[in-house]
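Visitor: Could you walk me through how the terms used for this model are decided?
Guide: Gladly; let's look at it together.

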Amino acid sequence: MVDRRIGRERLIAGILKESKGSKGKLDPKNKQQAPFFAGLKELQGALADSEKKLKAKDKKVFEALSKGSEALAKVKTSWPRVGVANPKVDGYLTKLD
């Protein structure tokens, strides 16, 4: 589980790196793109929460995993609506699935 989580964190970091290197095309302050970035933040939180609960052998780990799935769905749904074509981000999102 830890290896997958690290992989997912790297994928999210790759998306954020692409946004910083996009010269303003991908911007969390852009109202049209805000849901995408909010979903990414929510996904990061869900990954951290599920990892914490897994280590603690908390039975609520499945709740955290469910929240992560919902956050990923938000990210994948909002990505086509940001108005920016970026094949690297497309690849990262495909791998996150």
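**How the helices meet**

Guide: In H2, Pro-35, Phe-36, Gly-39, Leu-40, Glu-42, Leu-43, Ala-46, Asp-49, Ser-50, Lys-53 and Leu-54 meet Val-61, Ala-64, Leu-65, Lys-67, Gly-68, Ala-71, Leu-72, Lys-74, Val-75 and Ser-78 of H3. Contact means heavy atoms within 4.5 Å. This is a predicted model, where local features need pLDDT of at least 70, side-chain atom pairs count only at pLDDT 80 or more, and totals for chains, interfaces and linings use all residues. Residues are numbered from 1 along each chain as its sequence is written, and side-chain values use heavy atoms, leaving out hydrogens and water.

Visitor: Why are H2 and H3 called roughly antiparallel?
Guide: Helix H2 (residues 34-55) and helix H3 (residues 61-78) pack at an angle of about 160°. Angles over 145 degrees count as roughly antiparallel, so H2 and H3 are roughly antiparallel to each other.

Visitor: Why is Glu-18 called buried?
Guide: Buried means under 20% relative accessible area (1.4 Å probe, protein chains only), exposed means over 50%, and partly exposed lies in between. Glu-18 has a relative accessible area of 19%, so Glu-18 is buried. Glu-18 belongs to helix H1 and touches Leu-26, Asn-86, Lys-88, Val-89 and Tyr-92, not counting residues up to four places away in sequence.

Visitor: Which residues have the most contacts inside the largest nonpolar core?
Guide: They are Phe-36, Leu-93 and Leu-96, in a core of 18 residues. A nonpolar core is a set of buried Ala, Val, Leu, Ile, Met, Phe, Trp, Tyr and Cys residues joined through side-chain atoms within 4.5 Å. H2 gives the largest share of this core, five residues.

Note on methods
Axes fitted to C-alpha atoms, helices over the stretch in contact; angles between N-to-C directions. Helix = DSSP H or I, 4+ residues; strand = E, 2+ residues; numbered from the N terminus. Parallel < 35°, antiparallel > 145°, perpendicular 65-115°, else oblique.
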